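I opened this entry to look up the ligand site first, then the pocket, then the fold. My notes follow in that order.

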Amino acid sequence: MHSRGYSSRDKEMSAKRLTIDYEEFTSAVQMSAEDQELIANALEAQKGSYSPYSHFQVGAALRLENGIIVKGANQENVAYPSGLCAERTAMFAASANYPGVVMDTLAIVGSDKGKMCESPASPCGACRQVMAEYQKKQGRPLKIILIGSKRIRKFPNVDSVLPFIFDSLKIGE
Ligand code: THU
């Protein structure tokens, strides 16, 4: 990462680099049986999508530490901001129905007018913020699987998709 506007003699500045580790697969069969099951659930979850406006069906499947898989799908509304993404639908349902149970892995897939996207689904910023807070609350990593028809990416935690998260109202920590 390049920094502009500072002289290298400026003692106040130090250049930093952030790296993200993740795994990439070309097919689900290369993954563990648990992950394959979760991916199958995410694909199945797309059937619950209510998306008459975007025609974009998103499915999410969240594995809890107790083995239960909670599914979510995007829900739209004619008053657009009233809708909700698949990921948050799944996380909120899990938190509401299984309070305090650790969220282990969240798998996400998207289809455009019924055709699965080639590139892995990428969660919006608001969903990443929600993931980050549940991960912080549970003190254990929430793994993320982003599914595409050509590639699947697996991230070891939420920090990998949302660095420098806003997680406190305390100023000057
Ligand atoms: N959507 C999700 O469900 N998850 C995301 O992370 C991004 C977008 C939904 C919202 C809306 O129903 C549709 O996809 C098109 O934006």
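I started with the ligand and listed its shell: Ser 54, Phe 56, Val 58, Asn 74, Glu 76, Cys 85, Ala 86, Glu 87, Ser 122, Pro 123 and Cys 124. I counted a residue as near a molecule if one of its heavy atoms lies within 4 Å of it. The model is predicted: local features need pLDDT of at least 70, side-chain atom pairs count only at pLDDT 80 or more, and totals for chains, interfaces and linings use all residues. Residues are numbered from 1 along each chain as its sequence is written, and side-chain values use heavy atoms, with hydrogens and water left out.

I sorted the shell by residue class and got six nonpolar, three polar and two charged. In this scheme Ala, Val, Leu, Ile, Met, Phe, Trp, Tyr, Cys and Pro count as nonpolar, Asp, Glu, Lys and Arg as charged, and the others, Gly among them, as polar. I noted that β2 (56-64) and α2 (86-97) each give the shell at least two residues. Helices (H or I, at least four residues) and strands (E, at least two) are DSSP runs, numbered from the N terminus.

Next I looked up polar contacts, taken as pairs of N or O atoms within 3.5 Å. A side-chain N or O atom of Glu 76 is 2.5 Å from a ligand oxygen. For Ala 86, a polar backbone atom is 2.9 Å from an oxygen of the ligand. For Cys 124, a backbone N or O atom lies 3.0 Å from a ligand oxygen. The protein buries 73% of the 370 Å² that the ligand exposes when taken alone; the areas are Shrake-Rupley values with a 1.4 Å probe.

Which pocket does the ligand take up? I found that its space is the largest pocket. A pocket here is an open set of points on a 1 Å grid over the protein atoms alone, where a 1.4 Å probe fits, with protein on both sides within 12 Å along at least five of seven lines; lining residues have an atom within 4 Å of a point. A molecule sits in a pocket if more than half of its atoms lie within 2 Å of its grid points.

I recorded about 330 Å³ of space in the largest pocket, a volume filled by probe spheres set on the points, which are joined across faces, edges and corners. Of its 22 lining residues, Phe 56, Val 58, Asn 74, Glu 76 and Cys 85 are the closest to the centre. The lining divides into 13 nonpolar, seven polar and two charged residues.

Last, I checked the fold: the chain has three helices and seven strands, in the order β-α-β-β-α-β-β-α-β-β.

Methods
A polar contact is a pair of N or O atoms within 3.5 Å; within protein, one must be able to donate a hydrogen and the other to accept it, and residues adjacent in sequence count only if both atoms are side-chain atoms.
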